[in-house]
Amino acid sequence: MPTDQFSHAFTVAAPADRIYAHLSAPESYVGLSPLVVAVRDVRREGDAVSYVAVERFKLGPLHWDNPIRVRMTFPEPGRRLVSDVRSPGWVRLIATVDLTAEGAGTRVTESVSVTYPWILRSFVVGQARSVQRARAAELTRRMEAAPSPAG
């Protein structure tokens, strides 16, 4: 099956530990990823967290809920998170988020590898890129709007 890879980097005016804590909590992805409307069946499994995220696709007044299985691992605690996403239709997405201190903020780099049936390429890659950019904007908004623990 074909695979596409792409990444996006941006800077957030917040410390890496706060961003990491937010991204480590599955419930944070509701609204952080614009398609995710619910998170359920959260299970801690040693150094990993597994859960089901419900993506909602809308077409006019109609909608379709797509349950996706996510396994999040923490290969470099405080610095790197990896989400392995399995979606119906033989779509698999692996997102690696790296956090690097940059001045008073944090450089966030999300690298995505997505595998899909060739017939779904345009839809899958388009959605993945769009969600990645929206997630970056929402994470920045959340982190910069929230008072820091010292503030």
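This is a predicted model: local features need pLDDT of at least 70, side-chain atom pairs count only at pLDDT 80 or more; totals for chains, interfaces and linings use all residues.
Reader: How many aromatic pairs does the structure hold?

Author: Three. Take Tyr20 and Phe74 to begin. Their ring centres are 6.3 Å apart, with 65° between the planes. Planes over 60 degrees apart count as edge-to-face, so this pair is edge-to-face.

Reader: Where in the chain do Tyr20 and Phe74 lie?

Author: Tyr20 is in helix H1, residues 16-24. Phe74 is in strand S4, residues 62-76.

Reader: Is Tyr20 buried or exposed?

Author: Check its relative accessibility against the cut-off. Buried means under 20%. Tyr20 has 12%, so Tyr20 counts as buried.

Reader: What kind of pair do Phe57 and Phe123 form?

Author: A tilted one, with 50° between the planes. The centres are 5.6 Å apart.

Reader: Which parts does the pair of Phe57 and Phe123 tie together?

Author: Phe57 lies in strand S3, residues 48-59. Phe123 lies in helix H2, residues 121-145. The pair therefore ties together parts 66 residues apart in sequence.

Reader: Which label does Phe57 get, buried or exposed?

Author: Phe57 is buried, because its relative accessible area is 15%. Phe123 has 45% relative accessibility, so Phe123 counts as partly exposed.

Reader: Which residues do ring pairs link into a cluster?

Author: Phe57, Trp64 and Phe123.

Reader: Which ring does the charged end of Arg129 sit over?

Author: The ring of Phe6. That charged end is 4.2 Å from the ring centre.

Terms used. Residues are numbered from 1 along each chain as its sequence is written. Side-chain values use heavy atoms; hydrogens and water are left out. Rings of Phe, Tyr and Trp (its six-membered ring) pair if their centres lie within 6.5 Å; planes under 30 degrees apart count as stacked, over 60 as edge-to-face and the rest as tilted. Helices (H or I, at least four residues) and strands (E, at least two) are DSSP runs, numbered from the N terminus. Buried means under 20% relative accessible area, exposed over 50%, partly exposed in between (1.4 Å probe, protein chains only). A charge sits over a ring if NZ of Lys or CZ of Arg is within 6 Å of the ring centre and within 35 degrees of the ring normal.
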